[in-house]
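Subject: Handing over a structure

Hi,

Here is the structure I promised to pass on to you. Could you open it alongside this email and read my notes with it?

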Amino acid sequence: MASDSIGDLRMAALSRSATREKSRQIAAVSVTNLRWLLNPAVVAMLFAAGCQDKPAGNQQASGTASKALPAQEEAQNQCEPVLASIDDIFQLQRLGRTTAVRDGVARLNDWQRLCGPEDEAARPALPPEVEKLCSSEQIKALSERRFGPRDGEHLRDCLLERAIARYAVGNTQNELEKITHLFGHVVRSVGLISEASRELPLTPYEIYLLGKGTAQDRAWIFINVLRQMRIDAVLIFPASADVNREIGSEGEPFLVGVLLDDQVFLFDPQSGVAIPKKSGADGRKPPEGPVTLVEAATDSTVFQQLGTGPRPYPIRAEDVARPIVAIAGDTSFWSGRMQALQAQFVGDRALVIADPLENGKDGSPGIWSRVAKAGGEFWSSADMRLWSYPETRLARHVQMSQSEEDALTGLMRPFGAYKNVVTNPSTGKTHLVEREATQDPAGDKEQHPDVHVNVRTTAGQQMRARLAQLSGDFVEAIRTYTEV
């Protein structure tokens, strides 16, 4: 009896052990099956198998889509490293020191080859009234697919202008106050010189770096920075009986008109002031902010208050009642290649590098349409021109003669400071060295076998300080200026 009970107990234990082993096997199989089912390749296979009963047309569309998706991902994987290298090259504090614009142009063309649109035939045509204002060279430059030296300098200039737009507008939330602060900053940063004293065709970057420019240079930089803020501005020239005259000749007075909130606010780059509102009849101080075109054109005393008897202000109310209006820009801003690249400069890369003259394929208005609409009763498209100053300067810049290149090198040479003055004790002659003078114990390998001293390079500290200032890093700029 006892023997039978023990046998039964053993059998029960064996049965329970077998049951547990069977459960473990089933669980292992279940986990294996689950992992197999969660495998992306298997999911895709099962998904495809589940669509077997669909019509043949849907099968073909699904196959095409599945092929297109990897192609898009592969293209994105190729484009992102190229864009990252473009970001790395076009850093303001590295350009001219450790990277060069020509290297950036090469990477821009790599992007064009790998990621650029294959066909620009669908690009909208220029409006007829715009096309007649462009030279054959400009038309050719607008349709050129490859990026050139001017495009590299254009991207660098845009980066500088974006930096200015971020710190020069002040802390106010009011758009008109931001614009007024920006204008004052540009006037203070670009000391006024005459056109005759500026023989070199400089880019906005070089003008701002050197801190000297003409009234046209001030206007050029001011309008370009406003473009980074997505605010339109134009040049306003006095009306004339000769509607076909060449505008912008040396000494011709002009104003910058900022298009904001259906108004045109007036600024004078030559005098360096926002045209002020007229004082009240009781002598009270007028409201802050620049005057509008409507106010200036309908009240003759607005401009008269800026002059004196023997030296009247060069612009009168009747001059701006029906002015000549010019759009500032150049072929890099207006070209198809920059419009294609613009789509990549969003998010953290947000930057305005293209501002096309023509309307977009989606109906978005180009700069020509926007300015024509903003004219209201003061101007129409017949009164509009393309300001030739930026295009002429930039075209000349890439074709400078050797003497002009040497002159520009000379202008930039002071930015190579500081350097150390060392006197040779045997000859008594002094010379400059580009490294810190220091006692180096590493020279005696027997006494100091494991000692190494890193000697700092001092050349270019002035440029580092200036570029930090232009980038808005004022703490670093002050520290380095003080060291220099």
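The accessible surface of the protein is about 27100 Å², and carbon and sulfur atoms account for 53% of that surface. Accessible areas come from the Shrake-Rupley method with a 1.4 Å probe, and for residues only the protein chains shown count as cover. This is a predicted model, in which local features need pLDDT of at least 70 and side-chain atom pairs count only at pLDDT 80 or more, while totals for chains, interfaces and linings use all residues. Residues are numbered from 1 along each chain as its sequence is written, and side-chain values use heavy atoms, with hydrogens and water left out.

Of the 484 residues in the protein, 40% are buried (buried means under 20% relative accessible area, exposed over 50% and partly exposed in between, with a 1.4 Å probe and protein chains only). The secondary structure consists of 19 helices and ten strands; helices (H or I, at least four residues) and strands (E, at least two) are DSSP runs, numbered from the N terminus. Among contacts between residues at least 6 apart in sequence, 63% join residues at least 24 apart, where contact means heavy atoms within 4.5 Å.

Now to the helix packing.

Two packed helices are described by the angle between their axes and the distance between the axes. The axes here are lines fitted to C-alpha atoms, for helices over the stretch in contact, and angles run from 0 to 180 degrees between N-to-C directions.

Let me begin with H18 (residues 461–470) and H19 (residues 474–483), whose axes come within 8 Å and cross at roughly 155 degrees. That makes H18 roughly antiparallel to H19 (angles under 35 degrees count as roughly parallel, over 145 as roughly antiparallel, 65 to 115 as roughly perpendicular and the rest as oblique). H18 passes H19 in a left-handed crossing; a crossing is left-handed if the near helix is turned anticlockwise from the far one by less than a right angle, and right-handed if clockwise. On the H18 side the contact involves Gln461, Gln462, Ala465, Arg466, Ala468 and Gln469, and on the H19 side Phe474, Glu476, Ala477, Thr480, Tyr481 and Glu483. By type, the residues of this contact are five nonpolar, four polar and three charged (Ala, Val, Leu, Ile, Met, Phe, Trp, Tyr, Cys and Pro count as nonpolar, Asp, Glu, Lys and Arg as charged, and the others, Gly among them, as polar).

How many of the ten residues of H18 are buried? Seven are, so H18 is largely enclosed by the rest of the structure. The buried ones are Gln461, Met463, Ala465, Arg466, Leu467, Ala468 and Leu470, and they pack against H7 (149–167), H9 (204–210) and H19. Just after H18, Gly472 has a positive phi of about 90 degrees.

H7 also packs on H10 (residues 215–228), at an angle of about 75 degrees and with the axes 8 Å apart. These two helices are therefore roughly perpendicular to each other. Cys158, Glu161, Arg162, Ile164 and Ala165 of H7 meet Asn224, Val225 and Gln228 of H10, a set of four nonpolar, two polar and two charged residues.

H10 packs on H16 (residues 388–397) as well, at about 100 degrees with the axes 10 Å apart. That makes H10 roughly perpendicular to H16. Gln216, Asp217 and Trp220 of H10 make this contact with Tyr389, Pro390, Arg393 and Leu394 of H16.

A few loop residues deserve a look too.

- Phe378 sits in the loop between H15 (367–374) and S8 (384–386) and is buried, with a relative accessible area of 9%. Leaving out residues up to four places away in sequence, Phe378 touches Leu293, Val294, Ala297, Val320, Ala321, Arg322, Pro323 and Asp383.
- Arg230 lies in the loop between H10 and S3 (233–237). Its phi is near 60 degrees, a positive value in a residue other than glycine, and Arg230 is exposed at 66% relative accessible area.
- Asp262, in the loop between S4 (255–260) and S5 (263–268), has a positive phi of about 60 degrees although it is not a glycine. Asp262 is exposed, at 83% relative accessibility.

Happy browsing, and best wishes
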